[in-house]
Amino acid sequence: MVVSGVDQPLYRSFVSVRGDGRAVGAGVLVSDDLVLTCAHVVNSALGRDRYEQALPGPGHTVRLRLPHVAPDRELTAQVDPAMWSPPRAPGGSGSVPPGALLYHGDLAALRLPGPAPTGAEPAPFLSHAYGNEVIALWASGHPLPTVRAVPRVSAPPWVALDVVGGTEVKEGFSGGPLWDRERQAVVGIVVADLQTAAGARTANRPPAAATLYAISIPAIEAELPDLPPPVVPTARRGVQQLLAVLETVLTTPDLVRRCEELLASRLGRPSRGLGADLDRLVGLAVGVRRGVPELLQAVREVAPDGSGPQWERLRKVARTVSPGECLTHGQRRGLTGLLAQCVRTDPRALLDTVLPHAIELPAVTGLADALDVLEGYDAPGDQLMPPLLQGVVRIGVEESEAGPDLAEDLAAWAQRAAARLGVDLAAVRQYTADVRDHHAERARAVATEHRAAARGHHEQRAGSWAGVGSAAVTMMPRPNGTAPAAHRNGTRLSKVPRVQVELLPAATGRHFTYQVWAWSGGDAPHVLVLAQDAEVTSEQVVDDIHRVLVNEIREDPEPALVEFFLPAAWLGLPVDRWESFDSDEDGPFELGFTRRVVIRTARRSRESYAGWKRRTAALDGARSLVLDHGATDRKVARARLEMQPEVGTVIVCCEPRHHGTLLRQCVQAGVHTVLWHREEHGENIAAGLLELVEGGHHTQLPETVRLERAKAVAEAASTHHRGRQLSLMYDAPDHRPPQLAPDAWVLTQP
């Protein structure tokens, strides 16, 4: 019997996948006899390795239950061979290393021998919406062990969600539907989770919220093209208008029948043949995902002579009935395949450019998700090009720098889609030419800026000078009181490629879990390339960073910036001295002198963010402050920082046991740049560190510190070179990966 109350469609479609007499995962009913789940759940149910690639043979059956419909009845099902997509490594078809996170595939459809029990119904599906709380049920389907989460960011093919309540995330949620309670629809399939390591959960440090991962609806459609289009919540607006306009286009019963047969075959639904009518035709279309665009395509094929006002009205009404969809399944799959090869376009920048006046846009990172957003918008005012086609054209122009093949495929797709969307091809060609001209002009401006940057760097190095003492020292003013053009507002550093590591130490500080983001600079997107949820040593962290640098980052013309995002309690972790002995064929790989390495705060409180904004506003004329042994008392340190809100850089120079306290005080006061020596202190050390920071812009500090570390390694005979133990916290106004900035008041990309 179905549980009473809210979420009835969830309970009627929820499936428990069983193995060895227990629930091992979940699934969801997508048609009368088809269950969607994860491939690794099927492998677990069959007693196979989680990442087994081979298709289960005809003799392998999976046991299922529908706990809210027929709890005492056990069903059997087999994997549909056309819909088996085992987990595979990103960028290829190889198997997934055990414990790895972020991979492709991991989907399977189970075919029942007949219709599901009475009371069961296929679940409605919609794309996820940022900010909407969702729930996931454990494998048993019992409503008590329920996880509540909020979508945070897309990391294609997955969506990352912050767990905000409910039970602890554990094995058994995989394969189950992610349910949007507000919209009453499935918005993804749960695939994995990432939690705080057990050793890090101490009385003094509460566990961080788990991260839940789900496979998005567009990714499911791309991986399983033979999956029947899923049901959607019943359309309420525009259905009667759609019926009325279809009567003017499909004017004979034969046209209606042919259109219904064609549409039913494409949607994987049975046709009524001679019994088809307009009500049946429209019911087919509005009941499944992308059914309305498929209807328009079918109408175009069976009534090719239709043109004029009735066709324009048909397209307009279709947008009313299905406002977020204008592409058929085939068109969307073709576009998704092309977008997977695109690496030069930042999806967030694309949305900002195409939709400059949109009040609020989701924080997407994948181009497929960005195009989903653009698909939901109509062309504003008297514009001829809809935002979707604008986005595709812009991506094609960006990708043309890498070669003509992909750009020409995108252009061909845009022209074919334009013809079906009623957009004049001349408008597409004109818009493409305009974008190319703008792109070329921007490239010339960037080249000019680089030349100015080189001149400004040379002049600045020549005019540097050394400050002394432990009092606040004013930096040398720039001519006319401005920063060099190459560094004003940090523009130069903001273009440097980077690897960003969200690091969570275990309680001992010797083992770590982490996520790694890559950004190659320019218009490239941030990409979440690695999530390590098993505790490993620092050497493994460096190994993974090195692999990301080699495989994911374009370090031309400058070496990448490596940023470690750390909790406030671990800001003193010596990540800038970590090395690996196996990363490089030529010997050990040490981050600190081969790349710029800086430490950043994983989160800021609202109070510290207010101070950070205030100090950021005064950066170009910022002063330096030394916190020495006289400021080791927290109240004294805080008072000195509060007295000088214009201070942008702090030198910490005291006994190492006080470093952690002073670093936290700096974060609380909103300071974003702190330089310190991990072992030595005293007036001479303070004067030397001031010498490094004075006379130059704050954006030069990461490179200055890197060179000091390199000098220390080069001068092997000198064991006391200041660069050996030099560390830099640099939480300056610069972009963070979206996963680290879920709230509007946290630092975001400028």
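Helix 11 is largely enclosed by the rest of the structure, because nine of its nine residues are buried. Here "buried" means under 20% relative accessible area, "exposed" over 50%, and "partly exposed" in between, with a 1.4 Å probe and protein chains only. The model is predicted, so local features need pLDDT of at least 70 and side-chain atom pairs count only at pLDDT 80 or more, while totals for chains, interfaces and linings use all residues. Residues are numbered from 1 along each chain as its sequence is written, and side-chain values use heavy atoms, with hydrogens and water left out. Helices (H or I, at least four residues) and strands (E, at least two) are DSSP runs, numbered from the N terminus.

**Helix 11 and its partner**

- The buried residues of helix 11 are Leu-367, Ala-368, Asp-369, Ala-370, Leu-371, Asp-372, Val-373, Leu-374 and Glu-375.
- Helix 11 (residues 367-375) packs with helix 12 (residues 387-399) at an angle of about 150 degrees, and their axes are 7 Å apart. Axes are lines fitted to C-alpha atoms, for helices over the stretch in contact, and angles run from 0 to 180 degrees between N-to-C directions.
- This makes helix 11 roughly antiparallel to helix 12; angles over 145 degrees count as roughly antiparallel, under 35 as roughly parallel, 65 to 115 as roughly perpendicular and the rest as oblique.
- The crossing of helix 11 and helix 12 is right-handed. A crossing is right-handed if the near helix is turned clockwise from the far one by less than a right angle, and left-handed if anticlockwise.
- Glu-375, which lies in helix 11, is buried with a relative accessible area of 1%.
- Leaving aside neighbours within four places in sequence, Glu-375 is in contact with several residues, including Arg-290, Arg-319, Arg-332 and Leu-388; contact means heavy atoms within 4.5 Å.

**Helices 4 and 8**

- The axes of helix 4 (residues 239-249) and helix 8 (residues 309-321) come within 9 Å and cross at roughly 155 degrees.
- Helix 4 and helix 8 are therefore roughly antiparallel to each other, and their crossing is left-handed.

**Aromatic rings**

- The structure holds five aromatic pairs. Rings of Phe, Tyr and Trp (its six-membered ring) pair if their centres lie within 6.5 Å; planes under 30 degrees apart count as stacked, over 60 as edge-to-face and the rest as tilted.
- Phe-512 and Trp-578 form a tilted pair, 4.9 Å centre to centre and with 50 degrees between the planes.
- Phe-512 lies in strand 15 (residues 512-519) and Trp-578 in the loop between strand 17 (561-566) and strand 18 (579-584), so this pair ties together parts that are 66 residues apart in sequence.
- The rings of Phe-564 and Trp-578 have centres 5.9 Å apart and planes at 85 degrees, so this pair is edge-to-face.
- Tyr-51, Tyr-103, Trp-158 and Tyr-213 form one aromatic cluster.

**Positive phi angles**

- Most residues other than glycine have a negative phi.
- Asp-106 has a positive phi, near 65 degrees. Asp-106 is placed in the loop between strand 5 (70-85) and strand 6 (107-111) and counts as buried at 0% relative accessibility.
- Arg-290 also has a positive phi, of about 60 degrees, although it is not a glycine. Arg-290 is found in the loop between helix 6 (278-286) and helix 7 (291-302) and is buried, with a relative accessible area of 2%.
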